[in-house]
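Please examine the structure shown below together with its sequence.

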Amino acid sequence: MAVAFSALIEQDQAKEMLRRAIGSGKLAHAYLFRGPAGIGKKTAAQALAATLNCRSHQLFTTPDRKPAASTKPILPRPDLLEACGACPSCRKFASGNHPDFMEILPEGAAIKIEQIREIKKALVFPPLEAGNRVVLLAEVHTMRREAANSLLKVLEEPPPSTIFILTGDEAGGILPTIVSRCQVIPFFPLSVTHLANILVLQEKIDQAEATTLAAVAEGSLSRARILRQKNLLNLRREVLIMLLTYTQEAPAATVEVLRLAEKCAKLEKYLDDFLDLLSSFFHDLTVYSAAHDHQKAADHRFPPRPLINQDLAPLLAHAKDRWNLRDDPDTFSQHREEQLRRAKSQLKRNCNRTLICEVLFFDLF
Ligand SMILES: [Zn+2]
């Protein structure tokens, strides 16, 4: 398990906020690490849990909340944020089984109310090692209202020596009452250049492929890895070429729709990421159309925006002609993005994946 802040790329604001909280000894009972997926929120949460329990830190306390007897650093600390990595607590974190660290991940698509009930039961007892018990709840935006309300009750009356770290996206799926109970630490997408450099180093791919992946992944390392491992960029191209080549009525279109729907359905849980990719293409279509509309391009109220799918510029040009988007590209794209959102919500409800894709592709022609 990655338990060091050194594994966290960029996110200087988050690091500074946490460093100040640790330095002042004023930690909140609950934090919400908020930002897009795949940019290090969980890594930061695990690292913070390790730091709060590291025995070389002043923050490690005995049951009566006094600093532990031996607070002398075992190793010199390079940074106030970083755990020593060598004390008994740090070693337990490294092996992934610290008794005072609870990690709750979505079961299937969401964190369920049963999981919150389990936490409540466990929190009745004091921390086992008398440090700071940390409860990490990942992707809290997936919680339904029932589970969220149950969690809210815990946050309203937090047990002693317990710190909650919630992670979630910024799309508004988190109950405002939960947000207001937490100190929000913002996390931001990585820059395309930085992410591309990481991909070149870690994934051993060339700069051009890395730059394309970084742009399409919108600053998320984990998303870039999924795109690559599942070959999603090629599949995206195949589906778009189908949409741009045929009309809905063409017999060959039906054959292609059935073939590609089956292929997409095999992505299983990654189908959701794939639909996001298609959505980003339609988003790009408005950006591309605005950049090629002489009036808008000259109007300073519409500054040029970068394309996400930079590698698909020729297809965007083709799409603009194919769908005749001179007059109102925004409405066209919004309509397509709405169809994609509907497909995503059907996926969440466990509808048949092949069928979802077939209906969607016919709608998108
Ligand atoms: Zn330590």
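A polar contact is a pair of N or O atoms within 3.5 Å; within protein, one atom must be able to donate a hydrogen and the other to accept it, and residues adjacent in sequence count only if both atoms are side-chain atoms. The model is predicted: local features need pLDDT of at least 70, side-chain atom pairs count only at pLDDT 80 or more, and totals for chains, interfaces and linings use all residues. Residues are numbered from 1 along each chain as its sequence is written, and side-chain values use heavy atoms, with hydrogens and water left out.

**Lys41 and its surroundings**

By the polar contact criterion, a polar atom of the Lys41 side chain lies 2.7 Å from the backbone oxygen of Pro36. Lys41 belongs to helix α2, residues 41–53; helices (H or I, at least four residues) and strands (E, at least two) are DSSP runs, numbered from the N terminus. Because its relative accessibility is 8%, Lys41 counts as buried; the term means under 20% relative accessible area, with exposed over 50% and partly exposed in between (1.4 Å probe, protein chains only). Leaving aside residues up to four places away in sequence, Lys41 touches Phe33, Arg34, Gly35, Pro36, Thr167, Gly168 and Phe187, where contact means heavy atoms within 4.5 Å.

**The sheet**

An open sheet of 5 strands has the order β2-β3-β4-β1-β5, with parallel pairing. Its edge strands, β2 (101–104) and β5 (183–186), each pair on one side only. On average, neighbouring strands of this sheet are turned by 20° against each other, direction ignored; axes are lines fitted to C-alpha atoms, for helices over the stretch in contact, and angles run from 0 to 180 degrees between N-to-C directions. Two strands pair if DSSP finds at least two bridges between them.

Strand β4 (residues 162–168) pairs with β3 (residues 133–137) in the parallel sense over 5 bridges, and β1 and β4 also pair in the parallel sense over 5 bridges. Bridge partners in β4 are listed here.

| Residue | Bridge partner in β4 |
|---|---|
| Arg133 | Thr162 |
| Leu136 | Ile165 |
| Ala30 | Phe164 |

Helix α5 (residues 145–156) packs on the sheet and touches β1 (30–34), β3 and β4, and its direction makes about 145° with that of β4. Strand β4 is largely enclosed by the rest of the structure, because 7 of its 7 residues are buried. Both of its faces are covered: Thr162, Phe164, Leu166 and Gly168 are buried on one side, and Ile163, Ile165 and Thr167 on the other.

**The zinc site**

Which protein atoms are the donors of the zinc ion? They are the SG atoms of Cys54, Cys84, Cys87 and Cys90, lying 2.3 to 2.4 Å from the ion. Donors are N, O and S atoms within 2.8 Å of the metal (3.2 Å for Na, K and Ca); water is not among the atoms, so sites may look incomplete. Along the chain the donors follow the spacing C-x29-C-x2-C-x2-C. The site is tetrahedral, with angles of 101 to 118° among its 4 donor atoms; four donors count as tetrahedral if all angles lie between 85 and 135 degrees. Cys84 is buried at 14% relative accessibility, and Cys90 is buried with a relative accessible area of 3%.

**Glu129**

Glu129 lies in the loop between α4 (113–123) and β3. With a relative accessible area of 19%, Glu129 is buried. Its side chain makes a polar contact with the side chain of Arg55 at 2.9 Å.

Terms used: Tetrahedral: all angles 85-135°; square planar, octahedral: opposite > 155°, others 65-115°.
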